Amino acid sequence: MIQHYLILSIILFCLGILGVISRRNVFTVFMSIELMLNAANLAFITFSRLHLSMDGQVLALLVMAVAAAEAALALAVVILLHKHKGNLDTNVFSLLKG
Amino acid sequence: MFAEWLFYVFSVLSVLGAVGLVLFRHPMSGAMSLIVTMISLAGLYALLSAKLIFVLQLIVYAGAIMSLILFIIMFLNIQTSDLPEEKGKLYFLAGGVVLLLPIASFLIKVVKSLPGSEATIVGKGFGGVKEVGLVLFQDWLLPFEIVSILLLVSLIGAVVLAGKRRVGK
Amino acid sequence: MEHTAAYLGLIPLLPLTGALVIGLLYMFTCTTNPLPEKLYGALACVGPLLSFFLALVVFFHLKGLPPEERFLVHNAYTWFAVGDLHINMGFLADPLSALMLLFVTLIGSLIHIYSVGYMAEDKNYGKFFCYMNLFLGAMLILVLGSGPVVMFVGWEGVGLCSYLLISYFSEDTNNVLAGNKAFIVNRIGDLGFVLGMSVLFWAIGASGFDYLSLRANAHNLTPAIGITVCLLLFVGATGKSAQIPLYVWLPDAMAGPTPVSALIHAATMVTAGVYMVARFSFIYAHFPIAGSVVAWVGILTALLAAIFGMFQKDIKKILAYSTVSQLGYMFAAVGVTAYSAGIFHVFTHAFFKALLFLGAGSVIYALHHQQDIWKMGGLKDKLPRTYWTMLIGALALSGVPPFSGFFSKDEILFSALATGHTGIWFIGVLVAGMTAYYTFRMIFLVFHGAPRDKEAFDHAHEPPAVMTIPLVILAVGAAFAGVLNLPAIFGGSLNVSQWLEPSLVEHHGHASIWLEIMAMLASIGVVACGVYIAYKKFGQGAEEPVFTGFAKIGYYKFYVDEIYNAVFVQPYKGFGSIISRFLEPKVTDSGVKLSSWLYQKAGTAFKALQVGYVRIYALYMIIGLSLMSLFLSQTIN
């Protein structure tokens with residue numbers, strides 16, 4: 001029964017990955033990452049319940065804090081990129097090309 | 001029985017929300033469906049007896065972070081014509097599913113091999129503000145402080161990156 | 001005892017410090033605010049003079065010791081140690097190096113003083129004195145080194161300074177080319193020297209590689225190795241001391257300033273080869289065959305250079321060929337194992353040849369850089385001090401008794417005769433006559449007769465005292481240095497030879513006193529003939545002749561430079577161009593190019609993967625993860 005939570009977490013995580021690799025919209029990519037963080041959180045809390053230990057919940061708390069920090073920075077970067085390129089397409093940002 | 005029923009409702013909702021996020025073309029729609037996912041996840045947390053996290057998921061994630069994202073999307077005033085044309089999206093989706101199937105099946109195999117337990121609701125003394133707070137400030141004090149520094153740094157970083165620059169400097 | 005030995009390290013260190021100080025001062029001030037010349041001049045003379053003083057201290061200290069204990073060793077520090085081999089930065093003073101030390105520092109100091117006047121108005125004044133001090137330091141290391149390796153440091157050091165000073169007037173490409181020529185020709189010789197040193201080390205170097213240990217082990221050399229060592233070292237000497245076949249650089253080296261020619265290319269550096277052979281007398285004396293080679297090469301060089309000298313018209317070239325010729329004498333002497341005679345000729349030659357060069361420098365200075373003797377004449381009254389001192393130098397060079405050159409040259413010729421080398425003696429006497437002829441040809445053309453260039457003659461004036469005083473001191477030396485080594489028939493007792501006795505391994509020939517007198521009379525007669533012919537032809541004024549026949553070939557130096565160019569330089573250049581045009585680009589580079597081409601192609605192929613989109617990189621991660629999962633899921637049931 002409790003495994004179902006974990007399977008749900010895996011499915012959500014895979015959907016997050018799918019969003020990251022298939023979408024070109026910066027916002028969607030960013031939200032897919034948030035989705036992956038949430039999936040991880042679900043796994044943490046499930047394990048916390050499984051072992052009846054609250055360390056998992058604390059970790060989920062920390063992940064939330066990190067997600068908040070990430071959101072602040074990532075959105076700042078998105079604004080900056082939009083200012084410079086006037087575009088939200090990730091394919092525009094291809095400075096890594098060899 | 002009721003809890004199990006609730007679990008299926010929430011999980012179907014959250015998967016639908018996630019699929020919506022991946023498929024919707026406009027980020028606003030994607031954000032809305034992500035909020036659905038997050039709220040259903042909050043319900044799942046409650047089913048797992050994590051009361052504090054349930055509250056925080058609603059307030060911080062579904063509330064603060066998502067409204068920040070929505071605010072930025074609206075701030076940039078994105079029209080449909082601004083959005084990138086994603087011609088190969090379906091190929092990527094199909095390829096991605098093919099690639100992810102082995103990973104998912106492997107992980108599910110691993111999960112299945114774990115010792116199971118009934119997900120009954122645990123009553124008092126688990127997952128409340130007091131209990132989590134005690135664990136947080138006793139065993140996890142240093143990571144907690146580090147995270148506070150991380151938040152400060154990201155705050156400054158965001159100001160530096162997105163703040164207006166004086167011309168000529 | 002102890003602290004006198006400690007001075008030995010100080011002797012080369014003083015000029016080297018001078019070079020460092022002057023060099024730094026010059027480097028930091030030459031472009032912004034040039035320092036006054038007087039400062040450089042004073043700084044430059046301090047080191048050599050103090051070294052001379054210390055050399056005197058060392059000399060008198062050695063003189064106070066019993067003859068068999070006359071050596072001082074000072075090991076400053078261990079230079080390097082490889083396995084059991086410890087090479088010390090050591091200095092050795094024995095009678096031989098003390099004698100060299102004395103005249104090198106004395107003549108070095110005098111020439112530094114002279115240069116203060118001669119180089120005045122030169123814009124690179126500081127650089128010049130930096131090089132000069134550096135040279136003197138290197139020469140002193142060469143002389144004082146306690147083993148072949150330390151000697152080699154000085155050997156290369158003087159070579160470098162020689163190069164720097166020959167190309168000193170670097171505005172003219174010819175001077176730079178002359179410097180290059182000297183440097184390259186010396187490299188050929190140095191290769192021989194290094195090889196000789198290596199063979200020597202391989203053979204008997206195991207128990208210490210300094211002169212004292214080598215001397216103790218010299219009897220272990222087999223004849224084949226010994227002769228090889230001797231000949232290889234002699235190749236080094238032919239380079240440094242301008243002997244056949246490597247003499248060609250010395251006449252060209254006259255492109256440098258005249259004090260440089262006097263100090264480096266007449267008095268000190270070029271005699272390093274003779275010094276080296278004398279140093280290794282403990283090897284050369286055992287192998288008469290090697291000695292004969294040395295002697296014959298020496299005397300043939302003397303003959304060849306004397307022939308060239310008779311037809312030159314550049315005053316410095318005449319002196320250069322005369323230097324080559326006199327060096328030939330010295331090698332003839334050390335070749336017939338008359339080491340003390342050779343070193344004594346080095347000693348006297350240093351005085352009179354430095355004197356002649358400095359005198360020529362005065363003439364050139366007075367005539368504003370005119371070096372063609374056919375444009376001079378009648379300067380006797382204009383430059384009286386220069387004339388008289390140069391006359392003394394010329395008499396000494398020609399070997400007219402009782403000037404110093406007579407005694408040293410006669411000692412050499414007599415040694416050749418006494419050891420049975422009649423052929424060498426005969427050529428030597430002939431060369432003595434030729435020497436007298438070309439020396440007095442120069443004196444008569446420069447100082448006697450009527451002025452050929454009226455305008456230059458009118459402007460000529462005696463140079464300042466700072467230049468003439470060294471001339472006078474050198475003239476005194478050139479006139480009387482011979483007294484130090486008076487042979488028995490003049491009532492002397494060969495003082496210098498006795499002094500050098502502990503350092504050298506000599507076999508004295510024995511000949512009757514009548515033979516000695518006969519030989520002496522013969523050489524005096526030939527010299528007189530030479531002077532007389534020169535007087536007949538040039539004494540009353542003569543016009544520049546048009547060279548024909550043999551004279552023309554002699555003037556063009558038997559076309560040796562051209563032959564070398566055709567036989568060695570051009571094939572070498574051709575070989576080089578084969579390498580640079582064909583071998584390197586086509587053969588050796590192709591492997592390198594192939595590998596770089598492969599990497600380039602592989603890079604281009606992999607470049608396709610580097611699309612630059614972050615999500616594609618994420619996709620790659622997922623692919624990897626997926627494959628890993630496929631593999632791992634087989635391990636889980």
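The legends below describe close-up views of a predicted model.

**Figure 1. Confidence of the predicted complex.** The predictor assigns the complex an ipTM of 0.90 and a pTM of 0.69. For chain C, the mean pLDDT is 87. In that chain, 98% of the residues reach 70 or more. Where pLDDT is low, the predicted coordinates should not be read in detail.

Figure 2. Read from the N terminus, its elements follow the order α-α-α-α-α-α. Chain B has 169 residues, of which 28% count as buried. Among the contacts in chain B with a separation of 6 or more, 58% come from residues 24 or more positions apart.

**Figure 3. The side of chain A that touches chain B.** In this contact, 61 residues come from chain A and 70 residues from chain B. On the chain A side, the elements giving two or more residues are α1 (2-22), α2 (26-51) and α3 (55-85). Helix α3(A) supplies the largest share of that side, 22 residues. Sorted by class, the side of chain A that touches chain B holds 42 nonpolar, 13 polar and six charged residues.

**Figure 4. Helix α3(A) against helix α6(B).** The axes of α3(A) and α6 (residues 141-162) of chain B come within 9 Å of each other and cross at roughly 10°. An angle under 35 degrees counts as roughly parallel, and α3(A) and α6(B) are therefore roughly parallel to each other. Residues of α3(A) in the contact include A:Leu62, A:Ala65, A:Val66, A:Ala69, A:Leu73, A:Ala76 and A:Leu80. Among the residues they meet in α6(B) are B:Pro143, B:Val147, B:Leu150, B:Leu151, B:Ser154, B:Ala158 and B:Leu161. By class, the contact of α3(A) with α6(B) has 19 nonpolar residues, two polar residues and no charged residues. An α-helix has 3.6 residues a turn, so residues three or four places apart point the same way.

**Figure 5. The contact between chain B and chain C.** Eight residues of chain B touch nine residues of chain C. The chain B side of this contact has five nonpolar, two polar and one charged residues.

**Figure 6. Helix α4(B) against helix α25(C).** Helix α4 (residues 89-112) of chain B packs with helix α25 (residues 614-633) of chain C at an angle of about 45°, and their axes are 8 Å apart. That angle makes α4(B) oblique to α25(C). The crossing of α4(B) past α25(C) is left-handed. From α4(B), the residues taking part are B:Leu99, B:Pro102, B:Ile103, B:Ser105, B:Phe106 and B:Lys109. They meet C:Ile622, C:Ile623, C:Leu625, C:Ser626, C:Ser629, C:Leu630, C:Leu632 and C:Ser633 in α25(C). By class, the contact of α4(B) with α25(C) has nine nonpolar, four polar and one charged residues.

**Figure 7. Two cis peptide bonds in chain C.** The peptide bond from C:Ile244 to C:Pro245 is cis, and its omega is near 5°. C:Pro245 sits in the loop between α8 (223-240) and α9 (249-252) of chain C. The bond from C:Pro401 to C:Pro402 is also cis, with omega near 5°. C:Pro402 sits in the loop between α16 (384-398) and α17 (404-418) of chain C.

Figure 8. B:Ser49 is not a glycine, but its phi is positive, near 70°. B:Ser49 is in the loop between α2 (27-47) and α3 (51-75) of chain B. A residue is buried if 20 or more other C-beta atoms lie within 10 Å of its own; B:Ser49 has 21 and is therefore buried. C:His369, which is not a glycine either, has a positive phi of about 65°. C:His369 is in the loop between α15 (339-366) and α16 of chain C. The cut-off for exposed is 12 or fewer neighbours; C:His369 counts as exposed because it has 7 C-beta neighbours inside 10 Å.

**Figure 9. Helix α11(C), a mostly covered helix.** Helix α11 (residues 272-279) of chain C has eight buried residues out of eight. These are C:Ala272, C:Gly273, C:Val274, C:Tyr275, C:Met276, C:Val277, C:Ala278 and C:Arg279.

Conventions:
Residues numbered from 1 in each chain as written. Chains lettered and ligands numbered in written order. Predicted model: local features only at pLDDT ≥ 70, side-chain atom pairs only at ≥ 80, totals over all residues. Axes fitted to C-alpha atoms, helices over the stretch in contact; angles between N-to-C directions. Helix = DSSP H or I, 4+ residues; strand = E, 2+ residues; numbered from the N terminus. Parallel < 35°, antiparallel > 145°, perpendicular 65-115°, else oblique. Left-handed = near helix turned anticlockwise from the far one by under 90°. Contact = placed C-beta atoms within 7 Å. Nonpolar A, V, L, I, M, F, W, Y, C, P; charged D, E, K, R; others polar. pLDDT = per-residue confidence, 0-100.
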